[in-house]
Amino acid sequence: MAFRLRFIPDDTKFPFMGFRAVSFPASALLSVLTVIVFFAIGVNFGIDFKGGTLVELQAKGAQANISQVREKSNALGFGSVEVAEFGSPRELLLRLELQTAPTTAEQEKAQQNVVTKLRETFGNDYEFRRVEVVGPRVSGELVQNGTIGVIVGIIGVLIYLCFRFEWQFAIGAVIATLHDIVLTIGFFVVMQLTFDMTSLAVILTILGYSLNDTVVVYDRIREMLRKYKKLQLYEVIDIAINSTLSRTVITATTTFLAMLAMAIFGGEVLRSFSLAMLFGIVIGTYSSIFIAAPILIYLGLKTGGGDPAKDDKPEAGAPKAAAARAKA
Amino acid sequence: MMRISRIKSILIILASLLGCLLAVPSLMPETTRKAVFGSLPAWVPQKAVSLGLDLQGGAHVLLEIDKPDLIRSMNTQLRDDVRRVMREERVALQGGIAMQPRGVQFRIPQADDRARALPKLRLLAQPAGQQLFGPTGTQTIDLVEAPDGQITMTYSDLGLNERIRRVGQQTIEVIEKRINIDGTKEPSIQRQGLDRILVQVPGLTDPQQLKERLGRTAKLQFRFVAEAGAADTEQMRNRDSGQLVAVERSVIVEGEDLIDAQASFDQRTGQPIVNFRFNIRGSQRFGDATTRGVGRQLAIVLDNEVISAPVVQTPITGGSGQISGQFSVEQVNSLSLLLRAGALPAKLAIIEERTVGAGLGADSIRAGLLASYLAMALVAVFMIVTYGFFGVVAVIAVTINVFMLLGLLAVIGATLTLPGIAGIVLTVGMAVDANVLIYERVREEARMGRSAISALDAGFERALSTIVDANLTTLIAAIVLFFLGSGPVRGFAVTLSLGILTTVFTAFTLSRLMIATWYRWRRPSKVVI
């Protein structure tokens, strides 16, 4: 029990709220940039969302012949085929666009034809490790369901937080979470990671993680508000964030380490999932401190009031240091 | 918070043990599992977490009932029914029967004709939606009569949906027969929504044959080729020659009257053929028709294509016959299989297909497991470095947490997918967070000068309310994910939700019990954390 690391000193007094003059414009700028790249570059939607065919091939020999596969698959006449190495020189990933046809039914037939032809062409030299064909009907619904999922999820959380906290907290948490979702989408665009069904799971997980983190900070702000009724709101928030800082850092670090293992060793299929999660952990932690907390000030959360007798009289055994600091 | 009654302690330990025991089957390779659990009584839980198709390899095909085609055939049927009523009641129509998008329209100019025909026409409609909610007052077909004698019959939404539901049920039955004929794989066939059917076959890596089996309607009909000048005929393509043939609309016998179909070879030519046998009704009709029609051409129609049109030499009354055409051995095999399983009640479209080879699945498991072990090791080292003895307690709690999660997944029969593994790793992160919240709080309370017991008490109590709030918000998001996601995402949501539950459970009970026990044993006056 002798050796213990303290990552964060016990009595930190970072004036976090002073950063809001920086963090708000910075986050706003990043959000605007996301919107711009979203429209300028566009999300690299996977076939789950735009339909099409995805095939992962593994060479039966020692190495895949990427140029030959590219040439042969493009010659099949199914539009341009995107061929890329996937994880190792033996594996290739082929992506084909949704086939065009006058009716949905014909489109689906054409899609099936693509797979048949590909198997005929490459079946001898390559093993088909993965084949995914998504038709036009399914992909449209996925976009819709995904969006509905995020919205319903946020509304559910909003309602729950309204019950447990004051409304300013609920709004603040939702804004911080939306901020994280927007920036994560921006991350997907900038890194050109494929956005598929699993990415939707990432977004919702980040939503969960970010909320979790925000609620921990909020919980403490609420507690400190009851304790120090005469202090300015920003002072109370600073005390709350500083007292949860050690937890915030340790949790973010452990989760980050766990996801880092996933990103490095979890295999190619989970790569974009874990990369986005890593980003989400960082951004979720940042937003709890620099967005969710200071926004309470702008939302006009009231301090003190109520019971003047208890004003600033710390509870039995409460930290004298903290009280002294607060009064200073 | 640090006083836990003996009964509670025992319950906590039992619950944790049980959770871990449930995970045991999942941790064994299949062969070991069979050897160990095969000898145990049946009440011992021996279910292992089933692996998703992305981990064990297999084919996933999502089918959708072709609605326009179904409506078209419903319309045709309605038109034939109306025509029959008109014939039976000797009613003359003005003009023909016009097809509407979802029904038919025709005109009966004479008022007394209308009076006779309408009650009969109304009989064609049935009350809709009765099974679930009692009579709804809605009919499967709405009948509207205009003053000038124009009658419009339209399928109502309820009527259409009910039909789709029924067709879906029949489709599943037929698909089951078609796939289970091999008897080797364990396919799962599930309804998804109103008009979709998901077929999953573990271990199948080339679903070409499966898709062919699922995609064919296999509707077999015997009709006469129309004689010159005959009315009520339709043009059909001949499968071999590609030429159009005029065929009578009336059907002699259909595939549903078949009781058997076998692939065989023609004894004279050696060509692959399908031998079939009719049931009593089928053989009677077939016998009658071939007696009447000696010398005529009989068209054997499969999915609106004439596959052969032999001339009837003698009446065929024995109830059996053969289908010949230019078939390969493979084709007659699959045709006889399809005929045995029966025709699909409607066309199906393949709208999604996902296949994962066994190799990729195994690689994914290997990578996923390696990453999970590493993640846990990293987290364990970090926690022990940070919290010392308490870190060890946290690692034990988190490990048991993961076992319990696996056990729960096995018990509810959940499927572990690749994103599910990521969900477990995330659970590790969250479970650690619960412990961190507790320890940091205890640390703070101790720093205020509280005694060990008071710091532990206050620390646990305050941290637990935070843990509940934080985890409940995440749980809400996970539940929404479950209801709106599909496939792998659902698996992820299940893992995450259960992970949150086990996390809150272990934080409330196990971590507390371990620390309380330690406190009773050491009785420290101060907590060093």
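Before going on, a word on the source. This is a predicted model, in which local features need pLDDT of at least 70 and side-chain atom pairs count only at pLDDT 80 or more, while totals for chains, interfaces and linings use all residues. Residues are numbered from 1 along each chain as its sequence is written, and chains are lettered from A and ligands numbered from 1 in the order in which they are written.

Back to helix 12 of chain B. Helices are DSSP runs of H or I with at least four residues, strands are runs of E with at least two, and both are numbered from the N terminus. Helix 12 covers residues 389-411, and at 1.5 Å a residue its 23 residues should span 33 Å. The expected span is 1.5 Å times one less than the number of residues. The end C-alpha atoms are 33 Å apart, which agrees. Of the 23 residues in this helix, 18 are buried. Buried means 20 or more other C-beta atoms within 10 Å of the residue's own, exposed means 12 or fewer, and partly exposed is in between, with C-beta atoms placed from the backbone.

An example of the middle class is B:Ile172, in helix 7 (residues 157-180) of chain B. B:Ile172 counts as partly exposed because it has 16 C-beta neighbours inside 10 Å. Leaving out residues up to four places away in sequence, B:Ile172 touches B:Ile189, B:Arg191 and B:Ile197; contact here means C-beta atoms, placed from the backbone, within 7 Å.

Now the domains, whose bounds come from an automatic or database domain assignment. Chain B has domain 1 (6-56 + 357-522), domain 2 (68-161) and domain 3 (220-351). The C-alpha centres of domain 1 and domain 2 of chain B are 61 Å apart. Chain A has domain 1 (16-43 + 139-327) and domain 2 (52-134), with 41 Å between their C-alpha centres.

Chain A contains 10 helices and four strands. Its radius of gyration is 26 Å, well over the 20 Å that the globule rule gives for 328 residues, so chain A is more spread out than a compact globule. The radius is taken over C-alpha atoms, and the rule is 2.2 Å times the number of residues to the power 0.38. Along its principal axes, the C-alpha trace of chain A spans about 85 × 50 × 30 Å. Buried residues are 48% of the chain.

How do the two chains meet? In chain A, 69 residues are in contact with 67 residues of chain B. Helix 8 of chain A gives the most to that side, with 14 residues.

Last, the cores. A nonpolar core is a set of buried Ala, Val, Leu, Ile, Met, Phe, Trp, Tyr and Cys residues joined through C-beta atoms within 7 Å. The largest has 218 residues, and those with the most contacts inside it include A:Ala173 and B:Leu63. A second, separate core of 14 residues includes B:Leu78 and B:Ile151.

Key: Two residues are in contact if their C-beta atoms, placed from the backbone, lie within 7 Å.
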